[in-house]
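Here's a quick tour of one model, written for someone who likes to look at contacts. Have the viewer open and follow along.

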Amino acid sequence: MALLRRKLNMAGHLLENTIDFLQRHPLVRNSRTVRFFWDHLSDLRGFYYGQRKLPNSIALENTTACNRRCPYCPHFWQTRDGKTMPESLLRKIVRDLSDLNFKGNFIFAPFGEPLLDDRLPAFVDHIRNVLPGCTVTILTNGDLLTLERFRRLNSAGVHCFAISD
């Protein structure tokens with residue numbers, strides 16, 4: 001990570017120095033293209049100089065198992081073993097996001113049914129403790145969402161339940 005950060009900083013300095021040189025050069029001083037790049041360099045500076053623009057959402061599949069076979073989902077046409085994400089991997093992802101000061105939306109779901117994983121309330125609780133500025137969304141088909149499970153997940157810190165058909 002440190003090596004990548006150094007390389008990005010070097011690339012940022014090179015880009016900034018090149019645009020600065022071009023802006024001062026008499027042949028291109030009035031160039032609209034150079035002015036465009038110079039004006040938008042502030043966005044690039046944020047990325048290269050430690051203020052990276054992070055995605056506003058992270059989607060995580062805590063399990064590949066699903067209790068349905070919807071025609072719009074890969075489960076319909078492909079066989080997937082019902083595996084669960086190791087807790088150590090989830091903790092590493094959350095720790096890495098914490099290092100980046102992530103404050104976006106953490107979504108459980110892509111293609112597996114997150115409610116099939118009994119560890120989900122503990123995962124949500126961990127995320128909310130380590131990433132207090134983020135929101136947690138669970139995308140579910142709703143088949144397994146009982147009132148008791150809703151209350152447990154809600155008290156663990158889920159902000160939104162998105163229920164598909």
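Where do Asp-96 and Lys-92 lie, and how many residues apart are they? Both sit in helix 4, four residues apart, which is about one turn of the helix. Bear in mind that this is a predicted model.

## Salt bridges

Side chains of opposite charge can pair when their charged atoms come close. The structure has four salt bridges, and the one between Asp-96 and Lys-92 puts their closest N and O atoms 2.6 Å apart. Asp-96 has a relative accessible area of 32%, so it counts as partly exposed, and Lys-92, at 39%, is partly exposed too.

Glu-87 and Arg-91 are another pair in helix 4, again four residues apart, or about one turn. Their side chains meet in a salt bridge at 3.1 Å, N to O. Glu-87 is partly exposed at 37% relative accessibility, and Arg-91 is partly exposed at 35%.

Then there's Arg-119 with Asp-117, where the closest N and O atoms of the salt bridge are 2.9 Å apart. Here the two partners fall into separate classes: Arg-119 is partly exposed at 25% relative accessibility, whereas Asp-117 is buried because its 6% is under the 20% cut-off.

## Aromatic pairs

You'll find two aromatic pairs here. Phe-106 and Phe-108 make a tilted one, with 5.5 Å from centre to centre and 50 degrees between the planes. Phe-106 has 0% relative accessibility, so it counts as buried, and Phe-108 is likewise buried at 0%.

Phe-150 and Phe-161 form a tilted pair as well, at 4.9 Å centre to centre and 40 degrees between the planes. This pair links distant parts of the chain: Phe-150 belongs to helix 6 (residues 147-156) and Phe-161 to strand 4 (residues 160-163), 11 residues apart. Phe-150 is partly exposed, with a relative accessible area of 33%.

## A loop leucine

Leu-100 sits in the loop between helix 4 (87-99) and strand 2 (105-108). With a relative accessible area of 24%, Leu-100 is partly exposed. Leu-100 and Leu-54 are 46 residues apart in sequence, yet their C-alpha atoms are 8.2 Å apart in space.

## The largest pocket

What is the volume of the largest pocket? The value comes out at about 220 Å³. The pocket is lined by 15 residues, and the closest to its centre are Tyr-72, Cys-73, Pro-110, Phe-111 and Ser-164. By type, the lining splits into nine nonpolar, four polar and two charged residues.

How values were computed: Residues numbered from 1 in each chain as written. Predicted model: local features only at pLDDT ≥ 70, side-chain atom pairs only at ≥ 80, totals over all residues. Heavy atoms only, no water. 1 Å grid on protein atoms, 1.4 Å probe; cavity = no way out; pocket = protein on both sides within 12 Å on 5 of 7 lines; lining within 4 Å. Points joined across faces, edges and corners; volume = space filled by probe spheres on them. Nonpolar A, V, L, I, M, F, W, Y, C, P; charged D, E, K, R; others polar. Helix = DSSP H or I, 4+ residues; strand = E, 2+ residues; numbered from the N terminus. Buried < 20%, exposed > 50% of the residue type's maximum accessible area, 1.4 Å probe, protein only. Phe/Tyr/Trp six-rings, centres within 6.5 Å; stacked < 30°, edge-to-face > 60°.
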